[in-house]
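Okay, thanks everyone, I'll keep this short.

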Amino acid sequence: MQFIDLKSRHQLIVDKINARVQTVMEHGQFILGPEVNELETKLAKYTGSKHCVTVSSGTDSLLIALMALGVGAGDEVITVPYTWISSAEVIALLGAKPVFVDIRPDTLNMDEALLEAAITNKTKAIMPVSIYGQCSDMDAINEIAVKYDIPVIEDAAQSFGATYKGKKSCNLSTIGSTSFFPSKPLGCYGDGGALFTNDDELAEKFRWIRVHGQERKHHHPILGINGRMDTLQAAILLAIFEVFPEEVIRRQEIGNLYTSSLSKTSGIRTPSIAQGNTSVYAQYTILSDKRETIQETLKLQGIPSVSYYTVPLHIQPVFSSLGHHSGDFPVAERIADQCLSLPMSPYFSVNDLDRVVTSIALSE
Ligand SMILES: Cc1ncc(COP(=O)(O)O)c(C=O)c1O
């Protein structure tokens, strides 16, 4: 059994992928070729955003978002400690300070009740993370952000395709940022990412920054990076995007089936999806105090599982200068000790799911 099955989808759409790749090989516009624009138009429409700007990765996407907002030395950006390192790394790379707000024990996303206390006159942006495929309470976060006139970047690396109160993830705040890393809900065949906004000026800045801050040929009003998405990745994503809406439905069906099948197993907590949210289950993550026993039992049955973010960011050595200690963000730390992600993909069979559930029951 694979943890994330990428092969089944490839087999399903191999002809479409090959045709798209062949077209790029023939026209030869490997940098910002026509497929990039075609993809951006389709993704903008899907999310309901005015603009989509594709970039080289989900990390560069966050970096470009912060650069476009003018974040730099002396500034603070609020995010969560329970996430992939990129969320805080990009803040520190720009010389700004990551300020952490603990997560909620139910959704594992930013606890909006703790947000306001973290805001100072140095706060330049708020970056909630839509962990495991479910959005934070964006209305509550946006309301606080508006009060202090601070932009909100949704780190939606894991939640492309999810919805919050009927609106698509990536179009819920000032900026949405996603990743097309292969294992993400919409994954390409390498690195890729995208920015979403309804703000014309920000979109223009994203386009400049991804090409070395270039406004037009040989004219660089601002600093930028080499942050473009390869035309080949855009072409591959166009083929994958054709089956993506079906995959989102399937992800939700599998997530629901896991939850109902595991509901009677003692000692584990299944994901809490907040009312008004749909999750794309980038990972299907359970919580348990006996995580190691479950993982060992699964391993004996040949079933892979992974614990993500077992060392929260505030206690990572790279951020030691922030002066945090164990105990500072108790919810993030508890979740880091309990989390276990189970095999998940839109092509996961009911038989395999039954095997996982039966094996977890064995560890009771
Ligand atoms: C929450 C989060 N933010 C940012 C990223 C960075 O994306 P990428 O790997 O495409 O750079 C990831 C990817 O793992 C992520 O999970």
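So, the protein chain has 11 helices and 12 strands, and those are DSSP runs numbered from the N terminus, H or I of at least four residues for helices, E of at least two for strands. Quick housekeeping: this is a predicted model, with local features needing pLDDT of at least 70, side-chain atom pairs counting only at pLDDT 80 or more, and totals for chains, interfaces and linings using all residues. Residues are numbered from 1 along each chain as its sequence is written, and side-chain values use heavy atoms, with hydrogens and water left out.

Now the ligand. There are 17 residues around it, and Gly 58, Thr 59, Asp 155, Ser 179 and Lys 184 come nearest; "around" means a heavy atom within 4 Å. By class, that shell has six nonpolar, nine polar and two charged residues, where Ala, Val, Leu, Ile, Met, Phe, Trp, Tyr, Cys and Pro count as nonpolar, Asp, Glu, Lys and Arg as charged, and the others, Gly among them, as polar.

For polar contacts, we take N or O pairs within 3.5 Å. A polar backbone atom of Gly 58 is 2.7 Å from a ligand oxygen. On the side-chain side, Lys 184 puts a polar atom 2.7 Å from an oxygen of the ligand, and for Gln 158 that distance to a ligand oxygen is 2.9 Å.

Which elements give two or more residues to the shell around the ligand? Helix H3 (58-68) and helix H4 (86-93), and H3 brings the largest share, three residues.

Methods: Polar contact = N/O pair within 3.5 Å; in protein donor to acceptor, adjacent residues only side chain to side chain.
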